[in-house]
Amino acid sequence: FNRMIENSNRMFYETQYQLSKLETEMKKDSSKYRDWEFILIFLLVLIEMTGAYIVFKELSSLNRKLRDRLYKDQLTDVFSRAKLEEIDATKNSFLMLIDIDSFSDINELYGIEIGNRVLQVVAQRLKNSNPNCMIFRVSADVFGLYIDDFQKLEISIEEKVEAIRESLIFEPIEIDEYIIDINVTIGIAFGKKVLNDSLVALSIAKEEKLLYKVFHNEHEFKQQIEFNKKWQREIKLAIRDDRIVPFFQPIVDREGKIIKYETLMRLKEEEKYIPPFFMDIAIKTKQYISLSQITIKKAFEKFENGGEFTINLGYLDIKNSTTKHFLEELIIKYRAKNRVTFEILEGESFNNYMEIKEFLNYFKKYGVKIAIDDFGAGYSNFKRVVELEPDYIKLDSSLIKNVYTDKNS
C-alpha cells in the first residue's frame, strides 16, 4: 500500500514537472497554451482516478487475504475459531470438540515440528472422514466438527464418536521414523450456544476421565463446575488449617489379632471426618501431592515409637521427583526400617511398570514391604505384578467372595 502511494505521488509530481515545463514553452503561444492546459488537466484527473482505482483494488485484495488468514488456520488448512464464533448457529446446530490428550507430551518428546505435523495429519483425517461437516481448529490441540443441523447426522452420537476414534486412534500416525499413538477426549453440544456448551462438556469429560460428554442440561453442568470449585477451595483451606488427618484401620489375622494398621486420609470439617472422595479434584487442581505428603508424614509421626503400618502410594506419588527423598528421610528419621509397607494401587499406573519397579527396588534396601492393592480389579498383568516381588497381594473381594459356596468360583 505504501509503495502504491509512493508511485502515485511520483506520477503526480512528474506530471506537475512536465506541466510546468510545457507552461513555459506555451506561454509563447496563448492559444496553444489553452489547448494543452485542458489536455493536461484531463490527464491529471485520469491519473488520479487510475491511482485511486489501483489503491481500491489492492485494498480489496488485502482485505480478502486478511479475512482468509483470520478464518483459515494456516498450519492445518481448516477453519479457525474466529470463523466458528461468527457462525449464526441455529437451535439445531451440532458441534463436537475433539481434544488430543497430553499433546504437550508429543511436543516435548518429538519436538514442535513433529507436533505440528501430527496436527496436520489429524486435521486431514477429520476432513477425509467427515466430508459433510465443517472442520475447525478451535485451539492449539482441539478440533471442532460442526453441522448446521444435527438431523443431517445420519448416525447416532455413539457411532459418531466411535467413527472419530477409528479414524484418529486405531491407526497410528507415522511421521519419518516415528510411530505416534494418540488418544482423544470429546465434548458435544446441540443448539445455539454450541461452542460455549461443548467447551463445558469437554471440560467435564476431562475432569471425569470420560471418553466423551454430551451437554444436556446447563443447570447440571453449572452445578458440577460449582461443586469442583467448592472442593478445590475446601482442600486448599484444609491444608492451610491443618485439617488433613490420618485414620488408622487395623489389619487382623485369622484369630482377630491386630498385626498392623493401614493409613487412610480424612478431611476434618467441624465435627465430621470426610473420606477423600475429592481426590480427582485434588489431582486436577494439583493439590494431590500436598495431601498425600501430609498424610504420610503424620503416619510416620504416629508410629515413631514402634508398630507396623502401611501407607498408600499412587502413581503420582511414585513419579513425583521429591517423593523418593521425602520417604527416605522419613524412614531414617523415624527409624521405620522393616516396619512400613508401601501399598500400591493396582490400576492404570501398571502401564508404567518399569518406573514402579525401579522405585520399589530402591526402598527394599530399607526393608520396606510391598503390597499390591485390589489385585484383579483393574489393569493387572499377573506376570509383571509377580516380578515386583510383593510381600502381600490384596485380592479384590469380587474374586473370592463366593469361593466357599460356588463350585465354579
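In the predicted model described here, R125 counts as buried, because its relative accessibility of 16% falls under the 20% limit that defines a buried residue. E171 lies in the loop between α6 (157-168) and β5 (173-175), whereas R125 belongs to helix α5, so the pair ties together parts of the chain that are 46 residues apart in sequence. E171 has a relative accessibility of 47% and therefore counts as partly exposed.

D77 has another salt-bridge partner in K72, with 3.6 Å from N to O, and K72 is itself partly exposed, with a relative accessible area of 29%. Elsewhere, E234, R240, D241 and R243 are linked in a network of salt bridges, and a search of the whole structure finds 17 salt bridges.

Helix α5 also contains G115, which counts as buried because its relative accessibility is 0%. The C-alpha atoms of G115 and D105 are separated by 9.3 Å, the two residues being 10 residues apart along the chain. A282, found in helix α9 (residues 279-284), is buried as well, with a relative accessible area of 0%. Although A282 and Q232 are 50 residues apart in sequence, their C-alpha atoms are 6.8 Å apart in space.

Among the strands, β4 (residues 142-147) is mostly covered, as six of its six residues are buried. In a regular strand, the side chains alternate between the two faces of the sheet. In β4 both faces are covered, with V142, G144 and Y146 buried on one side and F143, L145 and I147 buried on the other. Strand β4 pairs with two other strands, β2 and β3. With β2 (residues 94-100), the pairing is antiparallel and extends over six bridges, and within it L95 has Y146 of β4 as its bridge partner. With β3 (residues 134-139), the strands again run antiparallel and are joined by five bridges, and here F136 stands opposite G144 of β4. Strands β3 and β4 form a hairpin, with two residues between them.

The residues Y353, I356, F359, L360 and F363 of α13 are buried. These residues cover an arc of only 135 degrees around the axis, which puts them on the same side of α13. Such an arrangement can be followed from the helical repeat: an α-helix has 3.6 residues a turn, so residues three or four places apart point the same way. The face of α13 that is turned away from its buried side carries the exposed residues M354 and E358.

On the surface, a nonpolar patch is formed by I393, L395, L399, I400, V403 and Y404, which together have about 590 Å² of accessible area. The elements that give two or more residues to this nonpolar patch are β15 (392-395) and α15 (397-400). Y404 lies in the segment after α15, and this residue is exposed because its relative accessible area of 71% is over the limit of 50%.

How values were computed
Residues are numbered from 1 along each chain as its sequence is written. This is a predicted model: local features need pLDDT of at least 70, side-chain atom pairs count only at pLDDT 80 or more; totals for chains, interfaces and linings use all residues. Side-chain values use heavy atoms; hydrogens and water are left out. Buried means under 20% relative accessible area, exposed over 50%, partly exposed in between (1.4 Å probe, protein chains only). Helices (H or I, at least four residues) and strands (E, at least two) are DSSP runs, numbered from the N terminus. Two strands pair if DSSP finds at least two bridges between them. A salt bridge is a side-chain nitrogen of Lys or Arg within 4 Å of a carboxyl oxygen of Asp or Glu. Patches are made of residues with over 30% relative accessible area and no salt bridge: like charges are joined within 9 Å, nonpolar side chains (Val, Leu, Ile, Met, Phe, Trp, Tyr) within 5 Å. Accessible areas come from the Shrake-Rupley method with a 1.4 Å probe; for residues, only the protein chains shown count as cover. The arc is that of the directions from the helix axis to the C-beta atoms.
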